[in-house]
Amino acid sequence: MEKREFVASLVAGGCAGMCADLTLFPLDTIKTRLQSQQGFHKAGGFRGIYAGVPSAAVGSFPNAAAFFVTYEYTKSLLGISAAFAAPHAAPVSHMLAASLGEIVACLIRVPTEVVKQRTQASPSSTTYNMLLATLKEEGVRGLYRGYGSTVLREIPFSLVQFPLWEYLKTLWSRRQGHTLHSWQSAVCGAFAGTVAAFVTTPLDVAKTRIMLAKAGSATASGSIPTVLYDVWRSKGLPGLFAGSIPRIAFISVGGFIFLGAYEKVRHTLL
């Protein structure tokens with residue numbers, strides 16, 4: 001991967017992340033409150049839907065930049081290998097690149113996500129106060145609570161979204177006989193995001209419950225299967241898909257903005 005491509009992926013990824021996260025933040029707040037253990041209204045309802053936005057603003061650029069740099073670098077590295085050079089091996093290459101990208105990006109995403117979601121579920125508090133409270137109660141480890149569940153949510157999501165996005169781009173490009181415009185890449189991103197968002201909603205519910213649980217509680221230290229079983233037992237199938245509508249709306253529109261902006265900025269820089 002050349003230095004120029006590295007810088008393009010870094011800047012384009014960061015800009016795309018900020019555009020998507022800040023534009024659609026209210027939908028993310030609604031989704032978090034629908035999934036919280038205390039219920040939508042007790043978590044704040046429609047009040048203070050920008051609670052936690054500073055955390056998202058700080059984390060968006062480095063998180064998305066880290067993902068795309070890792071994704072593009074891994075793709076280029078695997079492309080050199082004879083095993084991944086064949087067209088039929090492309091989806092596997094995209095899956096591996098996206099999975100590695102998520103593992104790296106989550107090192108930045110999880111601390112900002114913990115603070116953001118706790119502030120969203122307690123709108124009377126501020127992002128700064130929530131950060132201090134988390135550090136005081138649980139230390140730095142508290143900021144990484146839910147890292148495993150976040151990675152286990154993001155990897156299946158990316159295993160669906162990115163190979164599907166790349167496939168749809170290739171298919172559309174082949175049919176029209178030339179490279180796609182950025183808006184066409186954005187449409188492919190929206191469709192791929194919708195499918196991925198729906199199938200991974202239960203994992204997102206588990207991740208939100210683990211991050212919002214009180215320190216020392218069974219949920220806070222629980223595994224994804226345990227948390228999902230508890231949700232299933234208390235709220236059934238609707239509980240497992242709580243917040244699915246705002247999540248799908250967030251990710252489909254977010255996929256349009258995120259992947260469309262990424263392609264546009266990257267092509268401009270290259």
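This is a predicted model: local features need pLDDT of at least 70, side-chain atom pairs count only at pLDDT 80 or more; totals for chains, interfaces and linings use all residues.

**Stop 1: the largest pocket**

Numbering starts from 1 along each chain as its sequence is written, and side-chain values use heavy atoms, with hydrogens and water left out.

A pocket is an open set of points on a 1 Å grid over the protein atoms alone, with protein on both sides within 12 Å along at least five of seven lines; a cavity is a set where a 1.4 Å probe fits but cannot get out; lining residues have an atom within 4 Å of a point. Points join across faces, edges and corners, and a volume is the space filled by probe spheres set on them.

Select R118, S122, L212, A213 and K214: of the 16 lining residues, these are the closest to the centre of the largest pocket. Next colour α5 and α6 (127-138), the elements that give this lining two or more residues. Helices are DSSP runs of H or I with at least four residues, numbered from the N terminus. α6 gives the largest share, 5 residues. By class, the lining has 6 nonpolar, 5 polar and 5 charged residues. Here Ala, Val, Leu, Ile, Met, Phe, Trp, Tyr, Cys and Pro are nonpolar, Asp, Glu, Lys and Arg are charged, and the others, Gly among them, are polar.

**Stop 2: α5 against α10**

Show α5 and α10 (residues 201-212). Their axes lie 9 Å apart, at an angle of about 80 degrees. Axes are lines fitted to C-alpha atoms, for helices over the stretch in contact, and angles run from 0 to 180 degrees between N-to-C directions. The two helices, α5 and α10, therefore count as roughly perpendicular (65 to 115 degrees).

Select V110, E113, V114, Q117, R118 and A121 in α5; they meet K207, T208, M211 and L212 in α10. Contact means heavy atoms within 4.5 Å.

**Stop 3: the second largest pocket**

This pocket has a volume of about 230 Å³. Pick E166, K169, T179, E263 and H267, which lie nearest its centre among 14 lining residues. α3, α8 and α12 each give two or more residues to the lining of the second largest pocket. The largest share, 5 residues, comes from α8.

**Stop 4: the cavity**

Now go inside. The structure holds 1 cavity of 30 Å³ or more. Select D21, N63, R109, E154 and F250, the closest to the centre of the 28 residues in the lining. The lining comprises 10 nonpolar, 8 polar and 10 charged residues.

**Stop 5: a ring pair**

The structure holds 14 aromatic pairs. Show F68 and F162: their ring centres are 6.3 Å apart and their planes lie at 75 degrees, so the pair is edge-to-face. Rings of Phe, Tyr and Trp (its six-membered ring) pair if their centres lie within 6.5 Å; planes under 30 degrees apart are stacked, over 60 edge-to-face, and the rest tilted. F68 is in helix α3 and F162 in helix α8, 94 residues apart.

How values were computed:
Angles under 35 degrees count as roughly parallel, over 145 as roughly antiparallel, 65 to 115 as roughly perpendicular and the rest as oblique.
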